[in-house]
Amino acid sequence: YYIETDGQNSWYTSKNWLNDDVSICKWYGCGCNNFDKNIITSFHVKNFKSPQKIPTVIGMLTKLESLKLDYVNVEGTLPSELFCLHELKELTVVGSLEGMLPSEIGYLSSLKYLKVRKTSFDGQIPTE
């Protein structure tokens, strides 16, 4: 995620990212349920210096339960890989996203909390 969003130049805070001497659970924005396994279950990032798309690599965080891109300079659309995160319970996206609200959002069967602000989405949230 950090590389795909040019974190070195576009993040205000990037504490410990890509530091092999520090557990990924202590990288800025990352949270883990079990420090021994280094499995990221939450990812919370605030503020980019320049507009960024949500990278498709987000789909690699298969155990993610909480994703918060809050007060972030996010643009584009929600990547389809996001809808493969079946353990996601909380999704917050604040930014200049556009297009149709994908019906695939219904694939997030564990989702309990959805916050989408400052976007230009069209369409309705599926009932399933």
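Trainee: In which sense do β2 and β4 pair, and over how many bridges?
Mentor: They pair in the parallel sense, over 5 bridges. Strands are DSSP runs of E, at least two residues, numbered from the N terminus. Two strands pair if DSSP finds at least two bridges between them.

Trainee: What is this model based on, and which residues count?
Mentor: It is a predicted model: local features need pLDDT of at least 70, side-chain atom pairs count only at pLDDT 80 or more, and totals for chains, interfaces and linings use all residues. Residues are numbered from 1 along each chain as its sequence is written, and side-chain values use heavy atoms, with hydrogens and water left out.

Trainee: Back to β4. How does β4 pair with β6?
Mentor: Also parallel, over 4 bridges. Take L69, in strand β4. V45 stands opposite L69. In β6, the bridge partner of L69 is V93.

Trainee: Is L69 buried or exposed?
Mentor: Buried, with a relative accessible area of 0%. Buried means under 20% relative accessible area, with a 1.4 Å probe and protein chains only.

Trainee: And why is β4 largely enclosed?
Mentor: Because 4 of its 5 residues are buried.

Trainee: What does L69 touch?
Mentor: Leaving aside neighbours within four places in sequence, its contacts include Y1, F43, I54 and V74. Contact means heavy atoms within 4.5 Å.

Trainee: New topic. What does I58 touch?
Mentor: Not counting residues up to four places away in sequence, I58 touches Y1, F43, L64, L67, P79, L82 and L85.

Conventions
Buried means under 20% relative accessible area, exposed over 50%, partly exposed in between (1.4 Å probe, protein chains only).
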